[in-house]
Amino acid sequence: MFHSRLHSFSRLMISLTLALPLAAGLVGLAGAAKAQDRRQNAPGEFDFYVLSLSWSPSFCEEASERGGRSQIQCGGRPYAFVVHGLWPQYENGFPEYCQRPSPRLNRNIVSSMLDLMPAPGLIFNEWDKHGTCSGLTDRNYFETIRKARAAIKIPAEYLDLSEAKTVAPAEVEEAFIKANPGLSNAAISVTCNRTRLSEVRICLSKDLQFRGCEEIDRRACRRDQLTMPPIRGG
């Protein structure tokens, strides 16, 4: 009898031990669901935009190091800052892929955007992942990207960078703030990939006015110094 009870007790303890990680996992999932915005992936339902400007020479050097196929933007015309995307955001988190399948993107629109976003694959991807969350038609979404980009002045020192430049993230932010009246530290962040400057991200209201964005700022690069590779091609 004693051995039978001991065996039953052991089985109970094993069951409880197995159940604890599962319960913890369920709590974690519940926490993640709670953190998700209630409007999650509803087209047009978001708080602000992030205009992401990618430093093309960094992208091209990283692509070369990976040994992949030649990237369209990395030969021929020289590119400095290019538009990575215009991303709808919540105050916490962001929507993505808000229509599946996404509405077909007009190829004439793709061609018209290559001066700002120099790769058709990038343009298609940005429409599928972010544009469908804007609540705009494809034409209006890409017109909004063009307006957002036109509203930002690139600091003169980054327009024709012929030699590699070492910068601090705060220095890049200040250069953009100086060149764009009304832009503040709360509305811009610099991201990095290893030792290179990757992107400058600027937060804009739905009517494309500068606005603060704490979550974007928290994701900023924390390195003291970064390299900006020189502009290539041309």
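**Salt bridges in a predicted model**

Partly exposed sits between buried, under 20% relative accessible area, and exposed, over 50% (1.4 Å probe, protein chains only).

A quick word on the basis. This is a predicted model, where local features need pLDDT of at least 70, side-chain atom pairs count only at pLDDT 80 or more, and totals for chains, interfaces and linings use all residues. Residues are numbered from 1 along each chain as its sequence is written, and side-chain values use heavy atoms, with hydrogens and water left out.

Back to Arg146. Its side chain forms a salt bridge with Asp115, 2.8 Å from N to O. Arg146 lies in helix α5 (residues 138-150) and Asp115 in the loop between α3 and α4 (120-129), so the pair ties together parts 31 residues apart in sequence. Helices here are DSSP runs of H or I, at least four residues; strands are runs of E, at least two; both are numbered from the N terminus. Asp115 is partly exposed too, at 35%.

The rule for a salt bridge: a side-chain nitrogen of Lys or Arg within 4 Å of a carboxyl oxygen of Asp or Glu. How many salt bridges does that give? The count is 10.

Next pair. Arg211 meets Glu91 at 2.8 Å, N to O. These two are 120 residues apart and link distant parts of the chain. Arg211 is in the loop between β5 (196-204) and α7 (214-218); Glu91 is in the loop between β2 (81-89) and α3 (107-113).

Now Glu215 and Arg219. Their closest N and O atoms are 3.3 Å apart. Buried or partly exposed? Glu215 is buried, at 15%; Arg219 is partly exposed, at 40%.

Last, a network: salt bridges link Glu61, Glu62, Glu65, Arg194 and Arg196.
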